[in-house]
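Please read this note with the model open beside it. The points below run from one residue to the overall fold and its confidence.

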Amino acid sequence: MNQESQDTQPPAGAAPGAAGEGGAPAVAGRRCGLVAIVGKPNVGKSTLLNALVGQKISITSRKAQTTRHRITGMRTVAQPDGSGGTQYVFVDTPGFQTRHANALNRSLNKTVLGAVADVDLILFVVEAGSFTPADARVLKLLGKQIPTLLIANKLDNVHRRGDIAPWLAQMQTEHDFAEFVPMSAKNAKDIERLLGICEKYLPEQDWWYDADELTDRSEKFLASETVREKLFRLTGDELPYTSTVVIDKFEEEPPQKKGQKRLLKIAATIVVERDGHKAMVIGDKGERIKRIGTETRQELEKLMDAKVFIELWVKVRSGWADDEARVKSFGYE
């Protein structure tokens, strides 16, 4: 797990060897490139990213608009002798927002447009057998100069596979897709097949990251996202999606004895827009916020291989999602 925050990406056309350690020459036979994952909210983009990377780095929930940031995940498949291999640099994006034109959603849409501007391949994710007006609006954002795969996700939810053929024929008229990939992000064989398809679209160049790196996001960012995931999972549709999480303290203490794990001390504030939402998050006698903290701690300890101590607070900041300055202060681009 990379513990440094690196929010900038190497350019898609980076020269081979440019990111090599100590300026070392490029290794022959290597491929590396950027792959953007785009689609409307709640079509399974984050689940797909986690499956492609092989570990959870992007939060998921049944609530739409869960992902709010450009999140990069890396998957490196090296040859056993080190002679070559492929490094996939996947970029998960927020679902493109069309329902509300507030400052938060303008920020999210800017993130989507930035992510698809300079990549080697685009994965356009839809639910298999479905193509809604919201899907069409996202598709219009994609230029024809970058190869785009149609990812027909959630194939396991389609009861009659014979219905897929006419749907695919319709999709061929919507965009000049490079390939069609019916699949389920929960199926390991489908994920391996998708990696193989993506590989041929990536340029021959040296890797940008070490082979064992999984994400360019910091542990502090992952802590914030994990709290937000548990918040949405445990409040369901009751809590507006504009609620957010701010990390107030993130401190690391090294192990005191050999064999012990490092200690992470985290303090976070859950920001809501109304007093009623605050009471909802806290729950009866504080039970809900305690559960949010417990589930966050358990997941972070597993994800970061550390002992975690976390404190959670709830504050009301009415109208923050419509305030450009406050949106930026909460970490949105």
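Where is the place of Thr 294? Thr 294 lies in helix 8. Point 1 takes up the basis of the model, and point 2 returns to this residue.

1. **Basis.** This is a predicted model, in which local features need pLDDT of at least 70 and side-chain atom pairs count only at pLDDT 80 or more, while totals for chains, interfaces and linings use all residues. Residues are numbered from 1 along each chain as its sequence is written, and side-chain values use heavy atoms, with hydrogens and water left out. Helices (H or I, at least four residues) and strands (E, at least two) are DSSP runs, numbered from the N terminus.

2. **Thr 294.** This residue counts as partly exposed, at 34% relative accessibility. The classes are buried (under 20% relative accessible area), exposed (over 50%) and partly exposed (in between), with a 1.4 Å probe and protein chains only. Thr 294 and Glu 311 are 17 residues apart along the chain. Their C-alpha atoms are separated by 10.0 Å.

3. **Overall.** The protein has nine helices and nine strands. It has 333 residues, and 53% of them count as buried. Contact means heavy atoms within 4.5 Å. Among contacts with a separation of 6 or more, 73% come from residues 24 or more positions apart.

4. **Strand 3.** Residues 85-92 form strand 3, and eight of its eight residues are buried. In a regular strand the side chains alternate between the two faces of the sheet. Here Gly 85, Gln 87, Val 89 and Val 91 point one way. Thr 86, Tyr 88, Phe 90 and Asp 92 point the other way. Both sets are buried.

5. **Pairing.** Strand 1 (residues 30-38) runs parallel to strand 3, over eight bridges. Two strands pair if DSSP finds at least two bridges between them. Opposite Val 91 of strand 3 stands Ala 36.

6. **Helix 1.** Seven of the nine residues of helix 1 (residues 45-53) are buried. Among them are Leu 48, Leu 49, Leu 52 and Val 53, but also Lys 45, Ser 46 and Asn 50. Thr 47 belongs to helix 1 too. Its relative accessible area is 31%, so it is partly exposed. The C-alpha atoms of Thr 47 and Ile 57 are separated by 9.5 Å, at ten residues apart along the chain. Just after the helix, Gly 54 has a positive phi of about 95 degrees.

7. **Helix 4.** Which residues of helix 4 (residues 164-172) are buried? They are Ile 164, Trp 167, Leu 168 and Met 171. These four sit on the same side of helix 4 because they cover an arc of only 100 degrees around the axis. The arc is that of the directions from the helix axis to the C-beta atoms. Pro 166 and Gln 172 are exposed on the other side. The buried residues pack against strand 4 (121-127), strand 5 (148-153) and strand 6 (179-182).

8. **Core.** The largest nonpolar core has 30 residues, of which Ile 122, Phe 124, Leu 150 and Trp 167 touch the most other members. Strands 1, 3, 4 and 5, helix 3 (133-139) and helix 4 each give two or more residues to this core. A nonpolar core is a set of buried Ala, Val, Leu, Ile, Met, Phe, Trp, Tyr and Cys residues joined through side-chain atoms within 4.5 Å. Beyond its neighbours within four places in sequence, Phe 124 has contacts including Val 38, Phe 131, Leu 150 and Phe 177.

9. **Positive phi.** Most residues other than glycine have a negative phi. Lys 154 has a positive phi, near 60 degrees. It lies in the loop between strand 5 and helix 4. Asp 305 also has a positive phi, near 50 degrees. Its loop runs between helix 8 (287-304) and strand 9 (307-316).

10. **Confidence.** pLDDT is the predictor's confidence in each residue, from 0 to 100. The average is 78, and 74% of the residues score at least 70. Over residues 1-9 the pLDDT is below 50. It stays under 50 over residues 329-333 as well. Helix 5 (residues 188-199) has the highest mean, 96, and helix 9 (residues 324-329) the lowest, 52. Where pLDDT is low, the predicted coordinates should not be read in detail.
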